[in-house]
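Please read it beside the sequence and the coordinates.

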Amino acid sequence: MVSEYYTQKDDAVYATSNGVPYSAHPLGAQTAGPGGPLLLQDFNLIDDLSHFDQERIPERVVHAKGGGAHGYFELTDSLSDLTYARPFQTVGYKCPVSIRFSTVGGERGTPDTLRDPRGYSIKFKTDIGNMDWVFNNTPVFFIRDPNKFAKFIHTQKRDPSTHLNQNMDSTMTWDYYTLNPECLHQITYMFGPRGTPKTWAGMHGYSGHTFKFVKEDGSFNYIQLHVLADDGFPTLSIEEANELAGAAPEYHIKDLYDRIAEKKFPTYSVYVQTMSPEQAENFRFSINDLTKVWPHKEFPLRKFGKIVLDKNPENYHAEIEQLAFSPAHLVPGLEPSNDPVLQSRLYSYSDTHRHRLGTNYQQLPVNRPRTFEKGSGCPFLAGNLQRDGPAVFDNQGSRPNYLSSLQPINAVSSNPKEYSNGLGTTERAKYIGVVTKKETDKYTVLQSERAKRAHDEKIWLNSYDYISGFSELDVEQPRALYQKVFNDEQRKYFVEAVVGHASTITKSYIKERLALLFGVMDEDLGKTLANRLEVKFEKLNAEEYANKVGISPAN
Ligand code: NDP
């Protein structure tokens with residue numbers, strides 16, 4: 001008899017993992033007779049136990065805790081004057097997106113509302129392949145030297161001895177911040193109200209890094225991308241964020257899910273800032289310096305698209321946890337700059353997914369590019385020469401796994417006309433790898449390569465001084481944020497947030513360094529923090545601070 005407490009039955013028939021319906025009760029176990037023991041031949045039980053043992057994939061080292069949804073991107077204004085990238089040509093162009101928001105430092109179980117930057121990653125399933133924007137909700141970051149990344153992240157995690165995280169003992173965290181003061185802009189942003197966002201539906205995302213929009217003729221502009229929530233950026237008070245961390249650890253996940261379930265779809269507008277190569281050579285800051293923004297007044301935002309999130313995942317693990325973003329997943333017409341932190345991320349993200357999900361991570365349904373699907377409506381069917389490895393979903397049938405004459409695979413280079421639809425043609429590229437094509441004018445190629453190289457060198461020279469040093473230039477923007485953008489109430493919030501977090505530092509000299517560093521930015525702020533943390537204070541400039549704490553000033 002069906003109990004009134006049961007809802008309607010699912011269509012599925014209980015089966016073992018090889019798909020054969022199981023004839024006994026799902027919880028049945030085979031024994032060698034009354035009193036056991038259990039039998040090894042009981043695949044229902046053994047396979048279930050074994051699968052359970054392996055049901056966790058390694059959690060992301062960074063950005064472990066997150067949630068997300070699906071939706072679409074639509075081009076509202078053409079960027080054809082800036083780039084030949086196919087998604088940005090024709091107004092009305094639409095493609096599906098999947099998005100994942102996350103905290104940075106915490107593990108998979110940590111509360112959503114703790115102070116942190118937020119990861120903000122968007123997978124665009126365009127009709128010429130996947131383009132990932134692996135952004136944060138802050139326009140700047142802690143580092144500009146890729147070599148610091150792993151070490152910096154260690155200081156956001158647990159103490160190797162006490163196993164306490166920064167919310168119980170922030171000694172390591174502030175030891176790092178005060179010895180690597182180029183993070184000043186990021187921590188000023190993060191200890192401001194935006195460090196505790198109210199909802200992912202009202203949160204902005206920024207490329208932070210500089211990218212390039214490339215035109216048909218190979219010329220380009222540097223760009224910064226901004227995804228601004230249409231409802232603004234509401235934030236939580238310190239008390240609300242702390243209370244929710246205990247009472248509702250999944251607050252942001254639930255909030256996003258409920259909004260979409262109630263059809264109150266979050267919407268965002270997409271903007272670009274552009275800078276010509278000449279402007280970049282003369283820019284006050286290095287365009288490769290991830291601790292700086294491009295001032296709005298000099299480089300105004302230009303709107304070009306919108307994103308709507310209108311679909312919740314049906315299965316969190318398959319559709320959100322297994323989402324695998326990489327800044328290296330780009331479409332032709334959008335290219336990375338030579339920012340060293342971006343360059344290192346181009347490698348590192350794909351590498352971590354190979355570890356976390358396996359070498360075929362791009363074949364998982366949520367990641368699978370539409371171009372690999374027959375009959376997808378994309379302008380071409382994708383294929384390549386990668387084969388085998390764990391968890392293959394599509395091993396590309398009988399297609400040879402080398403460049404064969406038996407069943408030759410097409411290549412853009414062999415038929416540029418057919419594939420020119422949004423893809424870079426060899427006409428434009430002029431050369432493939434280092435081998436110039438026979439018919440190309442090698443001298444012209446050499447000249448344009450030299451001009452490009454001369455520009456790259458100027459950009460590099462501009463960034464060289466700032467990588468490891470600390471100068472007044474590093475203080476200008478955080479100072480503008482604290483003194484001009486924050487209002488009185490937000491400055492009060494800032495002091496409370498820093499004091500609350502820093503009160504667990506166990507070494508008073510680190511507390512002292514903290515007050516000195518913020519004092520470089522704003523003297524009154526430094527004094528207030530020194531007072532509250534009960535340490536002494538003196539007003540220093542950036543160079544004096546660098547000398548005092550024993551790091552190199554910028555030259
Ligand atoms: P403006 O003085 O023209 O405007 C300040 C910008 O700061 C706003 O447009 C807004 O950008 C952002 N903002 C507003 N309130 C807050 C807040 N409570 N916490 C953090 N950011 C806030 O900007 P400038 O370009 O001249 O830059 C001044 C300072 O503003 C910078 O030094 C930087 O710290 C900060 N900022 C600048 C951004 C940029 O891309 N130029 C982006 C974000 C912050 P938004 O609409 O993107 O939220």
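## Record and conventions

UniProt positions are given here in the numbering used for this model, with feature names shortened, and such annotations may be inferred rather than shown by experiment. With that caution, the unreviewed UniProt entry places "domain: Catalase core" at residues 15–410. The end C-alpha atoms of residues 15–410 lie 42 Å apart, and the span is 21% helix and 19% strand, where helices (H or I, at least four residues) and strands (E, at least two) are DSSP runs numbered from the N terminus.

The model is predicted, so local features need pLDDT of at least 70 and side-chain atom pairs count only at pLDDT 80 or more, while totals for chains, interfaces and linings use all residues. Residues are numbered from 1 along each chain as its sequence is written, and side-chain values use heavy atoms, with hydrogens and water left out.

## Nonpolar cores

A nonpolar core is a set of buried Ala, Val, Leu, Ile, Met, Phe, Trp, Tyr and Cys residues joined through side-chain atoms within 4.5 Å; buried means under 20% relative accessible area, exposed over 50%, and partly exposed in between (1.4 Å probe, protein chains only). The largest such core has 96 residues, of which Trp133, Trp174 and Phe518 touch the most other members. Helix H15 (residues 508–521) gives the most to this core, with eight residues. At least three residues come from each of domain 1 (66–143 + 180–372) and domain 3 (472–550), the bounds being those of an automatic or database domain assignment.

Apart from this core lies another, of 13 residues, among them Phe220, Tyr222, Phe283 and Ile287.

## Trp174 and the aromatic pairs

Leaving aside neighbours within four places in sequence, Trp174 is in contact (heavy atoms within 4.5 Å) with residues including Ile187, Phe191, Leu514 and Phe518.

Rings of Phe, Tyr and Trp (its six-membered ring) pair if their centres lie within 6.5 Å, planes under 30 degrees apart counting as stacked, over 60 as edge-to-face and the rest as tilted. The whole structure holds 29 aromatic pairs. Trp174 and Tyr177 form an edge-to-face pair, 5.1 Å centre to centre with 90° between the planes; because they are three residues apart in helix H3 (residues 171–179), they are separated by about one helical turn. Trp174 and Tyr177 are buried. Phe486 and Phe494, both buried, form a tilted pair at 6.2 Å centre to centre and 45° between the planes. Ring pairs link residues including Trp174, Tyr177, Phe486 and Phe494 into a cluster.
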